[in-house]
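Dear colleague,

I am passing on the structure below for you to look over. My notes on its nonpolar surface, its cores and its aromatic rings follow.

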Amino acid sequence: MTGGVAASGGAGAPGGGTAPGVTVDALGPFVEPSVWDARTIALAVIGTLFFLVPYNLTMYGINDVFDYESDLRNPRKGGVEGALLDKRLHRATILASTVLPIPFVVALLVIGGLDAWPSWIVLAVSLFAVVAYSAPGMRFKERPFLDSITSSTHFVSPAVYGLALAGAQIDGKLLALLAAFFLWGMASHAFGAVQDIVADREGGIGSIATVIGAKATVRLAFAAYLLGGALLLATDWPGPLAAILVLPYAANVAPFWNVTEADAETANRGWKRFLWLNFVTGFLVTMLLIWFAAVRTVS
């Protein structure tokens, strides 16, 4: 890509709820040496801080407040798989979720400038997805298929924002990379929904898993992981190496290939492995990104 800040990162918790295993999200800026100016450094620092803290706070804060009643009935909440936010903190959480992002967003828009107007659109879509996922009146998380699409948008939109801010040239290889990332996000969210099928149906809550069933959802997630890996083979070197990192995710869901509706909760074992996989994969993807940046700099 040419000029500016090229960012890659993600945010969001597939399946909903605040999960510490996936909230340590990173917007990893890679800046070409020729453009290390004050504007670029400011955008890199502000953008990284924004997607690490206010973005996640808004997403998970809104979710934890408006999911409070259903979380009370969910035995998985209160640990690594999701927080149970004390009701006394709800008002303060909503206030912080609303106010804290504002100075960051204003700074990004002002410093980015009018020339970066496509990034404004991406940022607007990203923030809309964050709110729409859990906020009353929209609750995209309860709209089958739209739930997985919105969740994946949480992951991919920070990367798209960084690319738009940098004025990156969009080509087939970059689209393949973003599509692979999006498929990973959708697959992860869909698989996360399998474990809650029984509870969601009893509570009248819709999801991709409640509509197509446990077995079909697992198989869809498996296929999406592999398709995402195949798309990574079309990216610039060392991007194709990332295709290997998809295989553990596919292997993780494979044991539930024939899971029944009655046994859907057993998919929680795979979900717990998924959380740990993210730590390892996140580290390896970061190493690949640094390698990619080094290759681009030398060339």
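A residue is called buried under 20% relative accessible area, exposed over 50% and partly exposed in between (1.4 Å probe, protein chains only). Met287, in helix α14 (residues 268-298), has 37% relative accessibility and therefore counts as partly exposed. The model is predicted, so that local features need pLDDT of at least 70 and side-chain atom pairs count only at pLDDT 80 or more, while totals for chains, interfaces and linings use all residues. Residues are numbered from 1 along each chain as its sequence is written, and side-chain values use heavy atoms, with hydrogens and water left out.

Turning to the interior, a nonpolar core is a set of buried Ala, Val, Leu, Ile, Met, Phe, Trp, Tyr and Cys residues joined through side-chain atoms within 4.5 Å. The largest one has 40 residues, and Phe191, Val194, Val218, Tyr225 and Phe274 have the most contacts inside it. Helix α9 gives the most to this core, with 10 residues, and the core draws at least three residues from each of domain 1 (35-168) and domain 2 (170-298), bounds that come from an automatic or database domain assignment. Apart from it lies another core of 17 residues, including Phe50 and Tyr55.

As for the rings, 17 aromatic pairs (ring centres within 6.5 Å; planes under 30 degrees apart stacked, over 60 edge-to-face, the rest tilted) are found in the whole structure. Phe155 and Trp184 pair edge-to-face, at 5.0 Å centre to centre and 90° between the planes. Because Phe155 lies in helix α8 and Trp184 in helix α9, this pair ties together parts 29 residues apart in sequence; Phe155 and Trp184 are both buried.

Best regards

Definitions and conventions. Helices (H or I, at least four residues) and strands (E, at least two) are DSSP runs, numbered from the N terminus. Rings of Phe, Tyr and Trp (its six-membered ring) pair if their centres lie within 6.5 Å; planes under 30 degrees apart count as stacked, over 60 as edge-to-face and the rest as tilted.
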